[in-house]
Amino acid sequence: MANATNVKKLKTMYLYDWFNYAFIGLITLSFLYPLILNLSISLSDGNDPLARITLLPMGFNLESYRFLLADGRVFRYYFNSVVYSTGRTFFHLLFTSLMAFPFIIADFRGKTFLNIFMLITMFFGGGLIPYFFVVRAMGLVDSPWVMMIPGTVSAFQVIIFRTFFQNIPAELRESAYVDGSGHWRVLFQIMMPVSKALLATFGLFSIVGVWNDWFTPMLFLRRGELMPIQIFLRRLLILMDFRDAENVDVQMMFNLVTSRTIRSAAVMITIAPVLCVYPFLQKHFTKGVMIGSIKG
Amino acid sequence: MAKKEKPYRYKSSTPLHINLKKNAALYLMVLPGVVLILIFSYFPMYGIVMAFQNFRPLDGFFGSQFVGLRHFRRLFEDLLFRRAFMNTLWLGVLSIVFTFPAPILLALSFNELKHNKYKRVAQTISYMPHFLSAVIVVGFLMDMLTVDGGVVNIWISALGFERINFFLLPEWFRPLFIGTSIWQGVGFSSIIYLAAIAGINPELYESADIDGGNRFQKAVYITIPSIMPTIVILFIFAMGGILGNDWQRILLMYNPAIFSTADVVGTYVYRIGIEGGHQSYAAAVGFTMSVISAAFLVATNYTARRLGETSLW
């Protein structure tokens, strides 16, 4: 009986519901609108640099994309971003797992010490300026490693990994130890494979984090060939600096592109991979947010 | 949490040298992490000494000349620091008032949706801005607010008003900053509240149904009190971070014309320390700021513990 009334209730829309649905609908549109607008601009003709585009493209051409992709440097920046994201994510997952695993082994000594060693970093930090000079002193300025190594191990994430490992039934690894496996084997062939959800979540966060990071490269990478895509975007979008797109003037003369359509196209090619991937990992990262917060 | 810590207290009875040999792999495993934390977290902590020095990069942390508290004394007379501090505080207060409650409201709204498909699609879209970089978000904002050809100004002039040059007017910076914070974070931050709502015992709602409670009453008397612990914990975090705004995004948004509202301590430190070459003074400003922030966190936690049962420690 209770069920029947519930179903009935579920489908009856009250005035309040209409408001609520409209509210959520409006908010959703507000999330999408800048993206749609940007897409439209990127597809527009270059006739009028001040085109009043409010929703749909004015004219239609793919020149802006062709122009961007014809320039080898854009590929270079894109490639750099891919290398930095995957590289850093690999080290991040590897080092964090390595540091978390010994904590669940009873025989491992120094847990208390390491715990304090990590906890201190959660409450104190040196701040930007000392950090900058430490990284510089390590010789990481203008080195691709600056994107892949500093900060790959953080106390917070080690604690999350540790908790996750702890909740994996101990019998699983104990039987492996009985069979004569060493610690390495147990970590890489037993623990990591059953932690796929954890690795996927933090892998995604890390990849997106590096992909979107513009501050680290701005601080530490000066050489053009090391630049990731975000620095390129910053020049185009924020500084309105087109030094990376020299023949844009020629193209503009033929009314094919404007600096604005190029900017928008650059944004589209940067966010495309992220937008294609995140909806499919939603299940994982919503869970990941929870794992992260419970420990907090 | 305390219960889970127990296994670590276990003391091994094997003599140390045998343990080290048997478990060499384990000690090797933590090595990269320990080294990285040492270099990139502890070295900068030591690096704070530069705030008490006349730091010169060539002399390093060990060779630079000590000057005592000179930089800290200078800080008290620095009007630009005072302005940056007040701006930081302003943004902090505004984000507590506007940015913090937004995801709670959104989660409550999502929770009232009856069609799961609609709900799922709307949620997925709401997470999207979280995955965009600050450069792109600020880029969107700049494009939409441009005086000539920006959508917002097209509408403003269509409605018969004077166009607004948003990025040159100091009074617009705060609304724009808070607005973009909400736009980018509200969906993703709602996840945690939705999860808390999902964890509420359905029997509570059933008994409310029997008592004839309406939806509004259920939200006020069941949903909100049930997620209160989550709200309080996140509120403590938010208060602790009240002085730690997203200043890297401000670096992208601001320009000298709007420094009077947009320059915060983070951007000020960056500007004088990295761009301006006053490293020691910048480090002193940064250090002072982190001490004040820490005090804020402790104070909020203390207050939360006195007022209710939820606290971080």
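Among contacts in chain A between residues at least 6 apart in sequence, what percentage join residues at least 24 apart? The figure is 73%. Two residues are in contact if their C-beta atoms, placed from the backbone, lie within 7 Å.

The model is predicted: local features need pLDDT of at least 70, side-chain atom pairs count only at pLDDT 80 or more, and totals for chains, interfaces and linings use all residues. Residues are numbered from 1 along each chain as its sequence is written, while chains are lettered from A and ligands numbered from 1 in the order in which they are written.

Chain A contains 15 helices and zero strands. Helices (H or I, at least four residues) and strands (E, at least two) are DSSP runs, numbered from the N terminus. Chain A has 296 residues, and 40% of them count as buried. A residue is buried if 20 or more other C-beta atoms lie within 10 Å of its own, exposed if 12 or fewer, and partly exposed in between; C-beta atoms are placed from the backbone.

Helix 10 of chain A spans residues 196–212. Its 17 residues reach 24 Å from the first C-alpha to the last, close to the 24 Å expected at 1.5 Å a residue. The expected span is 1.5 Å times one less than the number of residues. Twelve of the 17 residues are buried, so helix 10 of chain A is largely enclosed by the rest of the structure. Among them are Leu198(A), Phe202(A), Phe205(A) and Trp211(A).

Two helix pairs follow. Axes are lines fitted to C-alpha atoms, for helices over the stretch in contact, and angles run from 0 to 180 degrees between N-to-C directions. In chain A, helix 12 (residues 229–238) and helix 14 (residues 259–277) pack at an angle of about 155°, with their axes 10 Å apart. They are therefore roughly antiparallel to each other. Angles under 35 degrees count as roughly parallel, over 145 as roughly antiparallel, 65 to 115 as roughly perpendicular and the rest as oblique. The crossing of helix 12 and helix 14 of chain A is left-handed. A crossing is left-handed if the near helix is turned anticlockwise from the far one by less than a right angle, and right-handed if clockwise.

In chain B, helix 12 (residues 215–240) and helix 16 (residues 279–307) pack at about 150°, with axes 8 Å apart. That makes helix 12 of chain B roughly antiparallel to helix 16 of chain B. Their crossing is right-handed. Val232(B), Ile236(B), Met239(B) and Gly240(B) of helix 12 meet Phe296(B), Leu297(B), Thr300(B), Asn301(B) and Ala304(B) of helix 16.

Between the chains, 80 residues of chain A are in contact with 70 residues of chain B. Helix 2 (residues 15–43) of chain A supplies the largest share of the chain A side, twelve residues. By class, that side has 52 nonpolar, 20 polar and eight charged residues. Ala, Val, Leu, Ile, Met, Phe, Trp, Tyr, Cys and Pro count as nonpolar, Asp, Glu, Lys and Arg as charged, and the others, Gly among them, as polar.

Two single residues complete the account. Arg66(A) lies in helix 3 (residues 63–70) of chain A. It counts as partly exposed, with 14 C-beta neighbours inside 10 Å. The C-alpha atoms of Arg66(A) and Ala265(A) are separated by 9.5 Å, although the residues are 199 apart along the chain. Asp142(A) sits in the loop between helix 6 (128–137) and helix 7 (155–166) of chain A. Asp142(A) is not a glycine, yet has a positive phi of about 60°.
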